[in-house]
Amino acid sequence: MLKMDSHIHSEYSPDSNSRIDDILKTAQKRDLDIIAISDHNTVDGTGEVLQKTRNTDILAIPSIEISSTQGHILGFGCEENIPRDLSPQDTIDRIHDLGGLAIIPHPYCFYRHGLLCKSDYKDLKIDAIETKNARFIVGYCNHKAKKLSEKENLPGLGASDAHYWKFVGDCYSMIDCEKDIDSVLKAIKKGNVKAQGKGTNNILLSKYLFEKNFLKKFD
């Protein structure tokens, strides 16, 4: 079994300032075997992390978090940019055309563009959903996602959704696969994955957001 954090943001996302090097240091410290830099509407972070993890013990999976017209969708396994503001199914079709998986992050979190707040999963060719996203306050959205995963036999993933490198690995997945990209994608598709971990400490998260959004005005 391998330990994977499939949803991490780097400085290539407009709402993160985490350098790839700092993300990798935390990943190593937390014994992560597999990571994915899933930045908003760009694969620039993916390109850097793929280069920097060559000949290391960490496997990087290409990924991108795409803003569809009704919510966010991870193009897990995609090395190319996918246009934003397409319909959810058009976005998913583009992901599949590139050989990736369409994974729905924080699916029921309305204030973070959760796709299933506006779209019916039955109308979409979803491959997996996050059932343990570390950025939550009370956990209701994760609970609802887990119930859907169990009811519909949708693979459920854990992920930190870290926008700050210190939070990498707060939530993660244990995945039964070989340590290569194709094996990871197949294992998720088959449901050979289990969400684990704990939520990001809300006090630390609030401190980070305060420093990032307020104190920087006085720099």
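**Strand pairing and helix packing**

Strand β5 is joined to strand β6 (residues 101-104) by three bridges, and the two strands run antiparallel. The structure described here is a predicted model. Across this pairing, glycine 75 has alanine 102 of β6 as its bridge partner. Strand β4 (residues 65-67) is likewise connected to β5 by three bridges, again in an antiparallel arrangement. Within this second pairing, serine 67 lies opposite histidine 72 of β5, and glutamate 65 lies opposite leucine 74 of β5. The two strands β4 and β5 make up a hairpin, with four residues separating them. Glycine 71, located in the turn of this hairpin, has a positive phi of about 155 degrees.

Strand β5 spans residues 72-76 and is mostly covered, since five of its five residues count as buried, that is, under 20% relative accessible area. In a regular strand, side chains alternate between the two faces of the sheet. In β5, His72, Leu74 and Phe76 point one way, while Ile73 and Gly75 point the other way. Residues of both groups are buried.

The strands β4, β5 and β6 belong to an open sheet of five strands, ordered β4-β5-β6-β7-β8, in which the pairing is mixed. Strands β4 and β8 (156-159) are the edge strands of this sheet, and each of them pairs on one side only. On average, neighbouring strands of the sheet are turned by 40 degrees against each other, direction ignored. Helix α4 (residues 140-152) packs on this sheet and touches β7 (128-133) and β8. The direction of α4 makes about 145 degrees with that of β7.

A further open sheet, also of mixed pairing, is formed by five strands in the order β3-β2-β1-β9-β10. Strands β3 and β10 (193-197) each have a single partner strand and stand at the edges, so one side of each is left without a neighbour in the sheet. Strand β1 (residues 2-8) pairs with strand β9 (residues 171-175) over three bridges, in the antiparallel sense. In this pairing, lysine 3 is placed opposite methionine 174 of β9. Helix α1 lies across β1 and β2, and runs at about 155 degrees to β2.

Helix α1 also meets helix α2. The axes of the two helices come within 10 Å and cross at roughly 55 degrees, which makes α1 oblique to α2. The crossing is right-handed. On the α1 side, the contact is made by Ile20, Asp21 and Leu24. On the α2 side, Gly45, Glu48, Val49 and Lys52 take part.

Helix α2 covers residues 44-52, and Gly45, Thr46, Glu48 and Val49 are buried in this helix. These four residues lie on the same side of α2, because they cover an arc of only 165 degrees around the axis. The buried residues of α2 pack against α1 (20-29), β2 (34-37) and β3 (59-60).

Conventions. Residues numbered from 1 in each chain as written. Predicted model: local features only at pLDDT ≥ 70, side-chain atom pairs only at ≥ 80, totals over all residues. Heavy atoms only, no water. Buried < 20%, exposed > 50% of the residue type's maximum accessible area, 1.4 Å probe, protein only. Arc of directions from axis to C-beta. Contact = heavy atoms within 4.5 Å. Pairing = 2+ DSSP bridges. Axes fitted to C-alpha atoms, helices over the stretch in contact; angles between N-to-C directions. Parallel < 35°, antiparallel > 145°, perpendicular 65-115°, else oblique. Left-handed = near helix turned anticlockwise from the far one by under 90°.
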